[in-house]
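Biologist: I would like to go through this model with you. Please show it first.

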Amino acid sequence: MIRSVTPADAAPIAHIYNHYVAHTTHTFEEAAVSPPQMHKRIRQVTEARLPWLVAEAEDGEVTGYAYATRWKDRAAYRYAAEISVYLSPSCVGQGLGTTLYGQLFPLSAARGLRTLIAGITLPNPVSVALHEKFTMTQCARLPKVGFKFEQWLDVGYWIVDLHEHPPT
């Protein structure tokens, strides 16, 4: 089941996210995020009237999430958002990211967003394939902008214009 986030989701979302913080370069954060910190992030997104969706298993366990957040604070960027998706490691490769984005994209368009942007640490062929499935195209590559786990990392940016490529 895919549903909108609630404040009660902060702890399970932090748990999923912290796996990626501790074990991957998918995020450049290096310290675990506490449930209160995640609650604040959820509140910032929802107060901005941007979508944050949660995937929930039949037993009620949160298995993944996807959201859109402000791209930049300047007023002229109000129709652009950066998107992210994170899944419980046990759910990777089962189509859950596609399901979450399949609802996030039309919801973003319905809320007046025109441009969605995704930053991907490279290489990450699985994430690239997911974003390109939703007609996102690479528009930039920033070499060696991150340093995590004793290595320099590139970030690529993928973009889609929801007016030119409306979600189906």
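Modeller: Let us start at a loop. P123 is found in the loop between β5 (115-122) and α4 (125-133). Helices (H or I, at least four residues) and strands (E, at least two) are DSSP runs, numbered from the N terminus. This is a predicted model, where local features need pLDDT of at least 70, side-chain atom pairs count only at pLDDT 80 or more, and totals for chains, interfaces and linings use all residues. Residues are numbered from 1 along each chain as its sequence is written, and side-chain values use heavy atoms, with hydrogens and water left out.

Biologist: Where is R49 found, and is R49 buried or exposed?

Modeller: R49 is found in the loop between α2 and β2. R49 is not a glycine, although its phi is positive, about 60 degrees. Buried means under 20% relative accessible area, exposed over 50%, and partly exposed in between (1.4 Å probe, protein chains only). R49 has a relative accessible area of 69%, so R49 is exposed.

Biologist: T135 is not a glycine and has a positive phi. Is T135 buried, partly exposed or exposed?

Modeller: T135 lies in the loop between α4 and β6. Its relative accessibility is 36%, so T135 counts as partly exposed.

Biologist: Which residues of α2 are buried?

Modeller: Helix α2 covers residues 35-47. Its exposed residues P36 and E47 sit on the face turned away from the buried side. The buried residues of α2 are M38, I42 and V45.

Biologist: How are α1 and α2 placed: parallel, antiparallel, perpendicular or oblique?

Modeller: Axes are lines fitted to C-alpha atoms, for helices over the stretch in contact, and angles run from 0 to 180 degrees between N-to-C directions. The axes of α1 and α2 come within 8 Å and cross at roughly 105 degrees. Angles under 35 degrees count as roughly parallel, over 145 as roughly antiparallel, 65 to 115 as roughly perpendicular and the rest as oblique, so α1 and α2 are roughly perpendicular.

Conventions: The expected span of a helix is 1.5 Å times one less than its number of residues.
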